[in-house]
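Q: Hi, I'm new to this one and would like a friendly walk through it. Could you take me around piece by piece?

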Amino acid sequence: MTTTTETYGVDPAPTPLALLLLGREADPNSERGVECPGDLPPASDPNLVERARAAKAALGDRVFILGHHYQRDEVIEFADVTGDSFKLARDAANKPEAEFIVFCGVHFMAESADILTSATQQVVLPDLAAGCSMADMATAEQVAECWDVLTEAGIADVTVPVSYMNSSADIKAFTGKHGGTICTSSNAERALTWAYEQGQKVLFLPDQHLGRNTAVRELGLSLDDCVLYNPHKPNGGLTVEQLRNAKMILWRGHCSVHGRFTVESVNDVRARIPGVNVLVHPECKYEVVDAADLVGSTEYIIKALDAAEPGSKWAIGTELNLVRRLAKAHPDKEVVFLDRAVCFCSTMNRIDLPHLVWALESLVEGRVPNVITVDPEVAKYSKAALDRMLALP
């Protein structure tokens with residue numbers, strides 16, 4: 001059955017880059033819904049699926065494969081568990097019999113898994129180039145300099161750092177060392193409530209949008225209570241007075257996927273699909289979240305679609321692999337991607353079937369590739385921050 005743009009889905013922008021990355025000689029105008037221009041090129045080895053199965057079977061209980069929600073289907077097929085970054089790290093910690101944790105995600109997630117698992121387990125990242133642009137927007141040196149700025153302004157002693165799970169182990173360690181806590185997109189409100197019980201201000205790292213959305217929408221702060229610290233400017237681009245008046249000091253970081261959604265995206269999908277429910281992730285910009293019908297974490301989005309009425313219409317503002325998977329899982333509902341343009345997480349998609357097969361076959365041969373190891377001192381303070389999160393009421 002042919003479906004038109006007017007009634008269903010989105011028409012991804014047919015950019016040359018998208019065609020280069022995703023395939024060749026496809027008609028972008030024929031793609032609808034959660035489809036992309038072109039097809040993914042075939043694997044160089046047509047036997048990769050069988051090789052993955054064979055390697056996983058040979059390893060048995062020695063290996064535990066974690067698959068983040070944003071991974072492509074060909075990788076998720078071999079995951080023992082799926083979930084968001086913190087859930088997967090905890091799942092790994094609860095599997096002490098597994099010698100090898102193969103984390104199909106990005107670097108900071110594998111770090112968290114190494115922090116939470118035992119010393120007898122090794123965490124493997126199939127491609128070391130799978131990083132996170134948001135996590136990379138805050139370095140240990142930049143955050144240390146920021147703390148010096150807060151100290152000189154006389155507010156460091158009343159400021160509690162709260163770091164998003166999507167941060168490096170170094171940033172988690174800084175947070176733990178300075179009495180702060182970690183948060184996820186599911187418990188950010190609880191984490192911030194706790195932080196304001198400990199101090200007068202919060203330094204929120206590294207995603208400005210999650211921090212702003214939670215502070216204003218959930219805690220009742222105003223936009224004027226929030227200031228944006230830019231690590232590339234002297235004193236973060238802020239005056240001492242601005243820092244002293246602020247209740248929420250937001251780090252200038254963002255998710256390259258969720259940051260691309262706009263109010264125009266919301267208005268466009270509402271015009272094309274009457275009665276659509278717009279559901280977005282809290283890493284989206286404040287004005288996008290404000291224009292949406294619902295906002296929630298990845299797990300919230302999945303549960304909302306599971307509970308939705310048959311025949312309901314949904315435009316989802318999050319990573320495209322997950323939206324496509326939700327559309328396939330709910331054929332009785334109309335599920336489309338919020339934006340017209342392709343929006344894969346490029347670094348997450350570095351973990352593909354060839355890399356996974358290589359990692360598994362290396363383990364079978366007795367070689368442990370791409371081991372992620374966090375420095376013991378960093379791990380100690382990171383775990384202190386994570387433990388504070390786990391102790392939140």
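**A walk through the fold**

Q: Let's start with a sheet. What is the strand order in the one with E1 in it?
A: The order is E2-E1-E3-E4, in an open sheet of four strands with parallel pairing. Keep in mind that this is a predicted model.

Q: Which strands stand at the edges there?
A: Strand E2 (81-83) and strand E4 (122-124) do. Each has a single partner strand, so one side of each is left without a neighbour in the sheet.

Q: And how many degrees are neighbouring strands turned against each other?
A: On average 25 degrees in this sheet, with direction ignored.

Q: How many bridges join E1 to E3?
A: Five bridges link strand E1 (residues 63-68) with strand E3 (residues 100-104), and the two run parallel. To find your place in that pair, look for Phe64, which stands opposite Ile101 in E3.

Q: Okay, stepping back a bit. How many helices and strands does the protein chain have?
A: There are 16 helices and 13 strands in the protein chain. Of its 393 residues, 57% are buried. Among contacts with a separation of 6 or more, 66% are between residues 24 or more positions apart.

Q: Let's do helices. At what angle do H6 and H7 pack?
A: Helix H6 (residues 140-152) and helix H7 (residues 169-177) pack at about 25 degrees, and their axes are 9 Å apart. That angle makes H6 roughly parallel to H7.

Q: Which residues make the contact?
A: From H6 you have Ala140, Val143 and Trp147, and from H7 there are Asp170, Ile171 and Phe174. Sorted by class, the contact has five nonpolar, no polar and one charged residues.

Q: Is H7 mostly covered or mostly uncovered?
A: Mostly covered: seven of its nine residues are buried. Those are Ala169, Ile171, Lys172, Ala173, Phe174, Thr175 and Gly176.

Q: What covers the buried residues of H7?
A: The cover includes helix H5 (107-116), H6, strand E5 (159-164), strand E6 (181-183), E7 and H16. Just after H7 comes Gly179, which has a positive phi of about 75 degrees.

Q: Now the core. How many residues are in the largest nonpolar core?
A: That core has 107 residues, and Val102, Phe204 and Met248 have the most contacts inside it. In soluble globular proteins, nonpolar side chains tend to be buried together.

Q: What is Phe204 in contact with?
A: Leaving aside neighbours within four places in sequence, Phe204 is in contact with Val162, Cys183, Leu192, Leu210, Gly211, Met248, Ile249, Leu250 and Trp251. There is also a second, separate core of 20 residues, which includes Cys146, Trp147, Phe174 and Val227.

Q: How do E10 and E11 run, parallel or antiparallel?
A: Strand E10 (residues 277-280) and E11 run parallel, joined by two bridges. Leu279 stands opposite Leu294 in E11.

Q: How many bridges do E12 and E13 pair over?
A: Four bridges, with strand E12 (residues 313-317) and E13 in the parallel sense. Lys313 stands opposite Glu334 in E13.

Q: Are the faces of E13 covered or open?
A: Both faces of strand E13 (residues 334-337) are covered. Glu334 and Val336 are buried on one side, and Val335 and Phe337 are buried on the other.

Q: Last topic, the backbone. Which peptide bond is cis?
A: The one from Leu205 to Pro206, where omega is near -20 degrees. Pro206 is in the loop between strand E7 (201-205) and helix H9 (208-218).

Q: And what about the phi of Asn235?
A: Asn235 is not a glycine, yet has a positive phi of about 55 degrees. Most residues other than glycine have a negative phi. You will find Asn235 in the loop between strand E8 (226-229) and helix H10 (240-245), and it is partly exposed, with a relative accessible area of 40%.

Technical notes: Residues are numbered from 1 along each chain as its sequence is written. This is a predicted model: local features need pLDDT of at least 70, side-chain atom pairs count only at pLDDT 80 or more; totals for chains, interfaces and linings use all residues. Side-chain values use heavy atoms; hydrogens and water are left out. Two strands pair if DSSP finds at least two bridges between them. Axes are lines fitted to C-alpha atoms, for helices over the stretch in contact, and angles run from 0 to 180 degrees between N-to-C directions. Angles under 35 degrees count as roughly parallel, over 145 as roughly antiparallel, 65 to 115 as roughly perpendicular and the rest as oblique. Contact means heavy atoms within 4.5 Å. Ala, Val, Leu, Ile, Met, Phe, Trp, Tyr, Cys and Pro count as nonpolar, Asp, Glu, Lys and Arg as charged, and the others, Gly among them, as polar. A nonpolar core is a set of buried Ala, Val, Leu, Ile, Met, Phe, Trp, Tyr and Cys residues joined through side-chain atoms within 4.5 Å. Buried means under 20% relative accessible area, exposed over 50%, partly exposed in between (1.4 Å probe, protein chains only).
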